[in-house]
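Q: Please take a close look at the aromatic rings in this model and at the sheet around them. Keep it brisk and give the cut-offs.

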Amino acid sequence: MPHLRFKGVEKETVKTISKDLVDNLQEIIGCPRDYFVLEVVNSDFIFDGEEVKMYPFIEVAWFDRGSEVQDKVAKKITEKVKDATGAETVDVVFVKYKEKRYYENGEHF
């Protein structure tokens with residue numbers, strides 16, 4: 001944890017920013033590097049019957065770490081993705097896991 005899902009971002013771009021991004025996020029969040037999962041989701045985006053290019057959309061699934069940390073994480077992800085893609089718009093959304101609903105090896109946190 002945290003699990004970052006990238007949509008509208010090329011796999012090669014995520015690979016390019018992954019080390020620096022995780023280094024920065026590790027410092028902000030204070031969790032080990034091996035807790036991070038970065039996933040590129042290949043999606044087709046449709047508008048008015050046509051396939052369209054999507055702006056970067058990053059979903060962060062994690063245990064709640066408070067608004068201050070969340071704000072810093074959103075800004076850092078936005079900065080890194082904008083720099084790497086040149087996108088004008090980057091959306092970051094947070095999905096909060098609840099410890100009693102998250103299981104690892106059959107045991108909840």
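How many aromatic pairs does the structure hold?

A: This is a predicted model, so residues are numbered from 1 along each chain as its sequence is written, local features need pLDDT of at least 70, side-chain atom pairs count only at pLDDT 80 or more, and totals for chains, interfaces and linings use all residues. Side-chain values use heavy atoms, with hydrogens and water left out.

The structure holds four aromatic pairs. Rings of Phe, Tyr and Trp (its six-membered ring) pair if their centres lie within 6.5 Å; planes under 30 degrees apart count as stacked, over 60 as edge-to-face and the rest as tilted.

One of these pairs is Phe63 with Tyr97. Their ring centres are 6.3 Å apart and their planes stand at 70°, so the pair is edge-to-face. The pair links distant parts of the chain, 34 residues apart: Phe63 is in strand S5 (residues 57-63) and Tyr97 in strand S6 (residues 91-97). Helices (H or I, at least four residues) and strands (E, at least two) are DSSP runs, numbered from the N terminus.

Phe63 also pairs with Tyr102, again edge-to-face, at 5.4 Å centre to centre and 70° between the planes. Tyr102 sits in the loop between S6 and strand S7 (103-104), 39 residues from Phe63.

Now accessibility. Buried means under 20% relative accessible area, exposed over 50%, partly exposed in between (1.4 Å probe, protein chains only). Phe63 has 12%, so Phe63 is buried. Tyr97 has 24%, so Tyr97 is partly exposed. Tyr102, at 21%, also counts as partly exposed.

Next, the sheet. It is open, has four strands in the order S2-S1-S5-S6, and its pairing is mixed. Two strands pair if DSSP finds at least two bridges between them. Strand S2 (37-40) and S6 stand at the edges; each has a single partner strand, so one side of each is left without a neighbour in the sheet. Neighbouring strands are turned by 20° against each other on average, direction ignored. S5 and S6 pair in the parallel sense over seven bridges. Glu59 stands opposite Val93 in S6.

Two helices complete the view. Contact means heavy atoms within 4.5 Å. Axes are lines fitted to C-alpha atoms, for helices over the stretch in contact, and angles run from 0 to 180 degrees between N-to-C directions. Helix H1 (residues 11-29) lies across strand S1 (3-7), S2 and S5, running at about 150° to S2. Helix H2 (residues 67-85) packs on the sheet, touches S1, S5 and S6, and makes about 140° with the direction of S6.
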